2 protein chains.
Amino acid sequence: MMISTRGRYALRVLIDVAEHEKDGYVPMKEVAERQGISLKYLERIVPVLVKSGIVGSIPGKGGGYKLLKAPEDLSLGSILRLTEGDLAPVACLECGAAPCEREYECRTYPLWVEFYRVINEFFDGKTLADVIRTDPADNYSI
Amino acid sequence: MMISTRGRYALRVLIDVAEHEKDGYVPMKEVAERQGISLKYLERIVPVLVKSGIVGSIPGKGGGYKLLKAPEDLSLGSILRLTEGDLAPVACLECGAAPCEREYECRTYPLWVEFYRVINEFFDGKTLADVIRTDPADNYSI
DNA sequence: TAAATTACCTACCGTGTCAATAGGCAATTA
DNA sequence: TAATTGCCTATTGACACGGTAGGTAATTTA
């Protein structure tokens, strides 16, 4: 398994915020309830979204979160890389990993590099706008 | 990280066997030395390749392993699924996982399904023949 | 001003998986 | 007799995952 709850929950949070921000700032408490995710756990995931400038936050009563970018301009790749660190499918491609000394003789290394590229291109080719639904009537349709 | 040493080592074992089986049955001890992998660890990975009929084995002196299929007929997908269990990128798609009760309302579920398909198609579209080298002179080239 | 609400931070923890390591024994073959 | 596969058990250290807990700071509303 490759994409942990951090990345999956971050995505669901952003989708939830995007679908409810017409009501104003969206408090994380509401997101947690709607998504069935522990609020405390979300409180550890969301700050990175704020720091990166994806969402803005306002404290106090009536506060919450709001998207700072249009869903069309927010690639899923950037969200997942932010929360997962990277999307490397194997250890030798991970950010900060020591370069493998077998790299140049390894038959499989080019395979992983190509796969890594496919992964990034898949998620970079999709945006938040592709996964949200604006019409509430569609909520339970396929 | 998604593909563990089990799958990566299995692939390297099969590549090594494919590249050396012209000398007869290839003992795992030699594979372990060439690949720089613990023999003991390989002994826990290889049996599944034998049981599935990918390689044949002969015990005793002069024994070892040999491919039972042509490299062109051996997809990397089948090898990896065999050793990794499955290539599911998220928990809710893993073999044997309880079906997610949010499946039909989840905005991200179709995304994971599509990604899962991309992964399988990537590895099913490649065979062992695509990653081995038959000319020893190419061993250290790019 | 006071209460409520929310964001934000640090620390901790139980569970499980990963990646080996170690040792041994039986069967088979050159 | 040496080499090799095949199979088994047990152990271990490191680490990530998923989550819990409690507290602090900032802001807004009443």
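Me: How many residues surround DNA strand D, and which are the closest?
Reply: In this predicted model, DNA strand D is surrounded by 22 residues, the closest being A:K40, A:R44, B:M28, B:S57 and B:Y65.

Me: What classes do the residues of that surface near DNA strand D fall into?
Reply: The surface near DNA strand D has eight nonpolar, seven polar and seven charged residues.

Me: What does the side chain of A:K40 approach?
Reply: A polar side-chain atom of A:K40 lies 2.3 Å from a base oxygen of DNA strand D.

Me: And which side chains have an N or O atom by a phosphate oxygen?
Reply: Among them is A:S38, with a side-chain N or O atom 3.2 Å from a phosphate oxygen of DNA strand D.

Me: Now the helices. How do helix 2 and helix 3 of chain A cross?
Reply: The axes of helix 2 (residues 28-35) and helix 3 (residues 39-51) of chain A come within 9 Å and cross at roughly 120°. The two helices are therefore oblique to each other, and their crossing is right-handed.

Me: Which residues meet there?
Reply: A:M28, A:K29, A:V31 and A:A32 in helix 2 of chain A meet A:L39, A:L42 and A:V46 in helix 3 of chain A. The residues of this contact comprise six nonpolar, no polar and one charged.

Technical notes:
Residues are numbered from 1 along each chain as its sequence is written. Chains are lettered from A and ligands numbered from 1 in the order in which they are written. This is a predicted model: local features need pLDDT of at least 70, side-chain atom pairs count only at pLDDT 80 or more; totals for chains, interfaces and linings use all residues. Side-chain values use heavy atoms; hydrogens and water are left out. Axes are lines fitted to C-alpha atoms, for helices over the stretch in contact, and angles run from 0 to 180 degrees between N-to-C directions. Helices (H or I, at least four residues) and strands (E, at least two) are DSSP runs, numbered from the N terminus. Angles under 35 degrees count as roughly parallel, over 145 as roughly antiparallel, 65 to 115 as roughly perpendicular and the rest as oblique. A crossing is left-handed if the near helix is turned anticlockwise from the far one by less than a right angle, and right-handed if clockwise. Contact means heavy atoms within 4.5 Å. Ala, Val, Leu, Ile, Met, Phe, Trp, Tyr, Cys and Pro count as nonpolar, Asp, Glu, Lys and Arg as charged, and the others, Gly among them, as polar. A residue is near a molecule or strand if one of its heavy atoms lies within 4 Å of it. A polar contact is a pair of N or O atoms within 3.5 Å; within protein, one must be able to donate a hydrogen and the other to accept it, and residues adjacent in sequence count only if both atoms are side-chain atoms.
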